[in-house]
Amino acid sequence: QLSVPDHPIIPFIEGDGIGADVTPAMRRVVDAAVKKAWGGKRQIAWMEVYAGEKATRVYGDDVWLPDETLAAVRDHVVSIKGPLTTPVGGGMRSLNVALRQTLDLYVCERPVRWFNGVPSPVRHPEHVDMVIFRENAEDIYAGIEWQAGSADADRLIRYLREEMGVGNIRFPEQCGIGIKPVSEAGSKRLVRKAIRYALDHNRRSVTLVHKGNIMKFTEGAFKQWGYEVAREEFGAEPLDGGPWLSLAHPDGGEPIVIKDMIADAMMQEALLHPRDFDVVATLNLNGDYLSDALAAQVGGIGIAPGANRGDSIAMFEATHGTAPKIAGTNSANPGSLILSATMMLEYMGWGEAATLLTDAMEATIAGGEVTGDFHQVMDNATLLGTTEFAEAVVRRLE
Ligand code: ATP
Ligand code: MG
């Protein structure tokens with residue numbers, strides 16, 4: 001358990017684009033919720049640190065991810081960030097990926113639950129309540145790939161043909177190649193976090209989502225290693241003799257079912273029968289698709305929160321991008337970052353403030369006070385700007 005002082009320093013990265021709209025709104029409502037919960041006894045000391053475009057304005061042209069930012073995020077353990085612009089050229093694929101890899105934030109945790117009043121395309125949105133644990137450091141996202149026609153790609157193709165005997169696949173000329181590394185240690189630490197979470201939060205099941213039928217030694221191995229962690233480290237027992245496992249709750253509650261599902265089937269089942277799923281553990285690419293698809297069920301990325309976690313460091317973040325088209329117009333939905341902040345408060349052990357804030361935001365939306373993204377698909381709602389939405393949440397807190 002994290003030990004947090006009454007006046008913790010929390011580094012925040014405002015973020016680019018709509019980051020400048022949603023981050024102040026998030027801080028405003030978090031401060032109000034903490035004040036409501038504890039008067040002046042507890043208060044966050046916000047510390048601005050820089051990354052992305054804003055960092056280049058403060059530190060100079062080529063500094064997208066200053067060392068001071070990394071140091072602050074490491075030292076203070078808990079931090080929160082808005083969306084970032086990635087430099088074009090310069091060799092960096094994504095600033096977000098760079099941050100996750102540098103700090104070894106190997107879990108991307110994405111809760112998906114429906115909030116009363118939020119417009120949803122599914123028939124029973126009230127049944128949607130899942131938490132996705134997406135592996136964040138490996139898989140095809142490791143960034144090991146070669147362009148078609150490059151000397152390295154050609155060399156690799158020749159090697160595969162001549163040294164490795166990969167004769168059954170005809171590599172055409174001009175073939176791009178990507179590598180998908182999936183390790184035992186990387187898979188196990190992710191599944192460990194998911195099972196731990198299920199135990200701590202009284203969840204009913206953990207589903208290992210994979211494409212093991214096609215990719216045996218990466219996706220299939222992930223499934224095997226996942227079951228292995230459940231059996232060997234948590235003492236799960238076979239369920240009805242099948243591959244699924246049953247994990248007894250230490251405090252006598254309903255046992256947790258550890259199961260698996262092929263990723264494409266999961267996409268369908270999670271949309272048709274959301275009630276059958278609870279905690280989900282999966283590799284990087286599957287997790288990327290699944291998180292956004294499920295977020296759409298409950299109102300989209302404007303309200304879907306997320307956290308990137310390592311063994312000690314946790315960085316909470318908006319799951320959407322910088323949305324340059326609406327940046328600076330005070331119209332973005334701050335919901336994603338606000339709910340990420342409630343995850344942060346929970347993580348800090350400040351659950352009372354998290355609950356107050358979540359309830360106030362839910363009541364605001366249910367009362368029909370919403371930003372443009374929701375307003376356009378709702379009847380009889382009142383359109384609010386980013387700042388006004390935050391103020392409406394604060395009013396419900398006071
Ligand atoms: P980036 O390249 O940084 O991802 P983007 O334009 O793709 O930028 P996204 O955040 O991925 O931005 O947004 C995709 C779409 O969703 C955009 O049309 C954007 O307007 C909308 N959107 C994203 N976040 C929000 C938000 N918080 N509130 C309202 N609309 C949003
Ligand atoms: Mg985008």
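Q: Which residues touch the most other members of the largest nonpolar core?
A: Val29 and Leu357 do, in a core of 108 residues. Such a core joins buried Ala, Val, Leu, Ile, Met, Phe, Trp, Tyr and Cys through C-beta atoms within 7 Å; buried requires 20 or more other C-beta atoms within 10 Å.

Q: What kind of model is this?
A: It is predicted: local features need pLDDT of at least 70, side-chain atom pairs count only at pLDDT 80 or more, and totals for chains, interfaces and linings use all residues. Residues are numbered from 1 along each chain as written, with chains lettered from A and ligands numbered from 1 in written order.

Q: Which helix gives the core its largest share?
A: Helix α1 (residues 19-38) supplies 8 residues. Helices (H or I, at least four residues) and strands (E, at least two) are DSSP runs numbered from the N terminus.

Q: And what does Leu357 touch?
A: Beyond four places in sequence, Leu357 touches Val29, Val30, Ala33, Ile338 and Thr342, contact meaning backbone-placed C-beta atoms within 7 Å.

Q: How do α10 and α11 pack?
A: Helix α10 (residues 335-347) and helix α11 (residues 351-366) pack at about 155 degrees, with axes 7 Å apart. They are therefore roughly antiparallel (over 145 degrees). Among the contacting residues are Ile338 and Thr342 of α10 and Leu357 of α11.

Notes: Buried ≥ 20, exposed ≤ 12 C-beta atoms within 10 Å, placed from the backbone. Contact = placed C-beta atoms within 7 Å. Axes fitted to C-alpha atoms, helices over the stretch in contact; angles between N-to-C directions. Parallel < 35°, antiparallel > 145°, perpendicular 65-115°, else oblique.
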